[in-house]
Amino acid sequence: MWDYSDTVKEHFYNPRNAGALADANAIGEVGSISCGDALRLMLKVDPANETILDASFQTFGCGSAIASSSALTEIIKGKTLEQALEVSNQDIADFLGGLPPEKMHCSVMGREALQAAVANYRGEEWKDDHEEGALICKCFAVDAVMIEETIRANNLCSVEQVTNYTKAGGGCSSCHEGIEEILAKVLAERGETFKAAPPPEKKAPGKMTTLERIRKIEQVIEKARPNLQRDHGDIELVDVDGKNIYVSMKGACAGCQMEAATLGGVQAQMIEALGELVKVIPVKATAKLAPNTLPA
């Protein structure tokens, strides 16, 4: 359970400025429904002095995404475009009395939507500075530039923090090494040394009982679930048959284009936790699981 402030709860249950803005003359769209979060920010800007007269939003996301969007619209109304562009993601979080670390990416999405809307008003095409070849997290399509800027803007110093703010590294975890390299670069700029988290302790294979082995598998599943649930998906352990571990992908994760990458990440963590080669296999939740009916 996330620890939400009263202000976050208030803006989630009673969001301000939600819905379409019929006479909007600036629209910013960021995120992707397939990745779990999407935000459309609409502004009515006075051309005479570029003051934001009204703002509204439509979002697909969690309670923090709704609260962050609501807060953003309240913050920027009455500001000029230049003043609005000075609003940081931390300003959005502060307005809400703070966000859980795992939800800070919602405030970052609001900041990006604002930049996109202002660019739209000015007849420009907003770009997230993605550069081909610089994609770091393939699970959530987060590039090196965004990670660098977020680390600098929020004084981040660990992979876990980067995941909380950008979602990068929250899927298969294969990009953690790339994130560490960026952290090392940015921290060096401010005279600090990046220290990677120590690798998890490995247990010698063949020492676990069947019960210990299943518990290890369940621990990996439980570790993966929050990130998937954040994107309106889930994963559940269905059965274990020797080296084969059967799981059910649910919600937005079922049939997602990134399902294979997610399962690959879970499988890698299973191998790490168990100290043996195993195979994670998705099955339908309704599948009959008698041993002789399991897929090869």
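The UniProt record, in an unreviewed entry, lists C137, C139, C172 and C175 under "binding site"; its positions follow the numbering used here, its feature names are shortened, and its annotations may be inferred rather than shown by experiment. The structure is a predicted model, in which local features need pLDDT of at least 70 and side-chain atom pairs count only at pLDDT 80 or more, while totals for chains, interfaces and linings use all residues. Residues are numbered from 1 along each chain as its sequence is written, and side-chain values use heavy atoms, with hydrogens and water left out.

C175 is found in the loop between α7 (159-166) and α8 (176-189); helices (H or I, at least four residues) and strands (E, at least two) are DSSP runs, numbered from the N terminus. With a relative accessibility of 7%, C175 counts as buried, where buried means under 20% relative accessible area, exposed over 50% and partly exposed in between (1.4 Å probe, protein chains only). Leaving aside residues up to four places away in sequence, C175 touches I136, C137, A168 and G169; contact means heavy atoms within 4.5 Å.

The chain as a whole gives the setting. Its secondary structure comes to ten helices and eight strands, and 43% of its 296 residues count as buried. Among contacts with a separation of 6 or more, 59% are between residues 24 or more positions apart.

L135 lies in strand β4 and, at 34% relative accessibility, counts as partly exposed. Between L135 and M146 there are 9.8 Å in space, C-alpha to C-alpha, and eleven residues in sequence. M146 belongs to the buried residues of α6, which also include A144, V145, I147, E148, T150, I151 and N154. Because eight of the eleven residues of helix α6 (residues 144-154) are buried, this helix is largely enclosed by the rest of the structure. The cover over these buried residues includes α4 (89-95), α5, β4, β5 (142-143), α7 and α8.

In soluble globular proteins, nonpolar side chains tend to be buried together. A nonpolar core is here a set of buried Ala, Val, Leu, Ile, Met, Phe, Trp, Tyr and Cys residues joined through side-chain atoms within 4.5 Å. The largest such core has 54 residues, and L43, I76 and I151 have the most contacts inside it. Helix α5 (residues 104-121) supplies the largest share, nine residues. At least three residues of this core come from each of domain 1 (6-122) and domain 2 (135-190), with bounds taken from an automatic or database domain assignment. I151 touches L156, V162, I182, L183, V186, L187 and R190, not counting residues up to four places away in sequence. A second, separate core of 17 residues includes A224, I235, C253 and M270.

Helix α2 (residues 63-76) holds S64. S64 counts as buried, at 0% relative accessibility, and touches Y4, L99, K103 and C106, residues up to four places away in sequence not being counted.

Strands count as paired if DSSP finds at least two bridges between them. β6 and β7 (residues 244-251) pair in the antiparallel sense over eight bridges. Within this pairing, D241 stands opposite N244, and V240 has I245 as its bridge partner. The hairpin of β6 and β7 has two residues between the strands, and G242 there takes a positive phi near 65 degrees. β7 and β8, by contrast, pair in the parallel sense over four bridges, and Y246 stands opposite I281 in β8.
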